[in-house]
Amino acid sequence: MNAADFRRIALSLEGAEEGSHMGAADFRVGGRIFATLASQKQGYGNLMLTPEQQAEFVAELPEVFVPIAGGWGRMGATHIRLAAANEDLLAGALRVAWKLRIEKNARSGKKTRPRAKRRRA
C-alpha cells in the first residue's frame with residue numbers, strides 16, 4: 001500500500017472529505033479529522049484511534065502499527081506502515097478510525113458541518 005491507496009480508501013468511506021492541516025492531507029467526516037497523511041514521507045499513514053484501540057492494533061501487528069511519538073500518540077494517534085499493510089488491513093484500520101470519529105461527533109452534541117473544500121494550487 002502507499003499514500004495514493006490510503007487516500008482512495010479513506011475517501012471511499014461515507015461522508016469522508018479530504019482537507020489540509022498544517023500542509024498535510026487529512027481526512028474528515030462531519031468536519032472532524034479521522035486520519036492524515038502527515039507522515040507519508042516516512043511511509044506512514046496516521047489514524048486517530050483511542051488508546052485502547054491503538055494498544056490492540058500494536059499488540060496484534062507491531063510490524064504494521066506504531067504509536068505516534070509524544071502526546072498525540074498517548075491519546076491514540078497511530079502510524080500505519082503503508083508498505084507493510086495490505087488492502088484489507090488498511091481498509092479495516094481506516095474504517096475503525098472513521099467509525100470512532102462518527103461516534104464522537106454524535107456524542108459531542110455539536111452540529112458538525114463539512115469544511116469548505118479548498119482549492120489546491
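Predicted model: local features only at pLDDT ≥ 70, side-chain atom pairs only at ≥ 80, totals over all residues.
Residues are numbered from 1 along each chain as its sequence is written, and side-chain values use heavy atoms, with hydrogens and water left out.

**Overall packing**
- Of the 121 residues in the protein, 39% are buried, a class that means under 20% relative accessible area, with exposed set at over 50% and partly exposed in between (1.4 Å probe, protein chains only).
- Among the contacts (heavy atoms within 4.5 Å) with a separation of 6 or more, 54% join residues 24 or more positions apart.
- The accessible surface of the protein is about 7,300 Å², and 53% of that surface belongs to carbon and sulfur atoms; the areas come from the Shrake-Rupley method with a 1.4 Å probe, and for residues only the protein chains shown count as cover.

**Nonpolar core**
- The largest nonpolar core holds 25 residues, of which Phe6, Phe27, Phe34, Leu47, Ile80, Leu90 and Leu94 touch the most other members; such a core is a set of buried Ala, Val, Leu, Ile, Met, Phe, Trp, Tyr and Cys residues joined through side-chain atoms within 4.5 Å.
- Two or more residues of this core come from each of α1 (3–12), β2, β3 and α4, and α4 provides the largest share, 5 residues.
- Leucine 94, when residues up to four places away in sequence are not counted, touches Phe6, Ile9, Ala10, Leu13, Phe34, Ala35 and Leu47.

**Largest pocket**
- The largest pocket has a volume of about 520 Å³; on a 1 Å grid over the protein atoms alone, a pocket is an open set of points where a 1.4 Å probe fits, with protein on both sides within 12 Å along at least five of seven lines, and its volume is the space filled by probe spheres set on points joined across faces, edges and corners.
- Its lining, made of residues with an atom within 4 Å of a point, contains 22 residues, and Ile33, Thr36, Met48, Trp72 and Ala77 lie nearest the centre of the pocket.
- At least two lining residues come from each of β2 (24–29), β3 (32–36), β4 (44–48), β6 (77–81) and α4 (87–108), with α4 giving the most, 4 residues.
- The lining divides into 14 nonpolar, 6 polar and 2 charged residues, where Ala, Val, Leu, Ile, Met, Phe, Trp, Tyr, Cys and Pro count as nonpolar, Asp, Glu, Lys and Arg as charged, and the others, Gly among them, as polar.

**Individual residues**
- Tyrosine 44, found in strand β4, counts as buried because its relative accessibility is 17%, and, leaving out residues up to four places away in sequence, tyrosine 44 touches Leu37, Ser39, His79, Ile80, Arg81 and Leu82.
- The C-alpha atoms of tyrosine 44 and arginine 81 are 4.8 Å apart, although the two residues are 37 residues apart in sequence.
- Lysine 41, in the loop between β3 and β4, counts as exposed at 82% relative accessibility, and its C-alpha atom is separated by 9.2 Å from that of alanine 3, 38 residues apart along the chain.
- Methionine 22, in the loop between β1 (17–21) and β2, counts as exposed at 79% relative accessibility and has a positive phi of about 55° although it is not a glycine.
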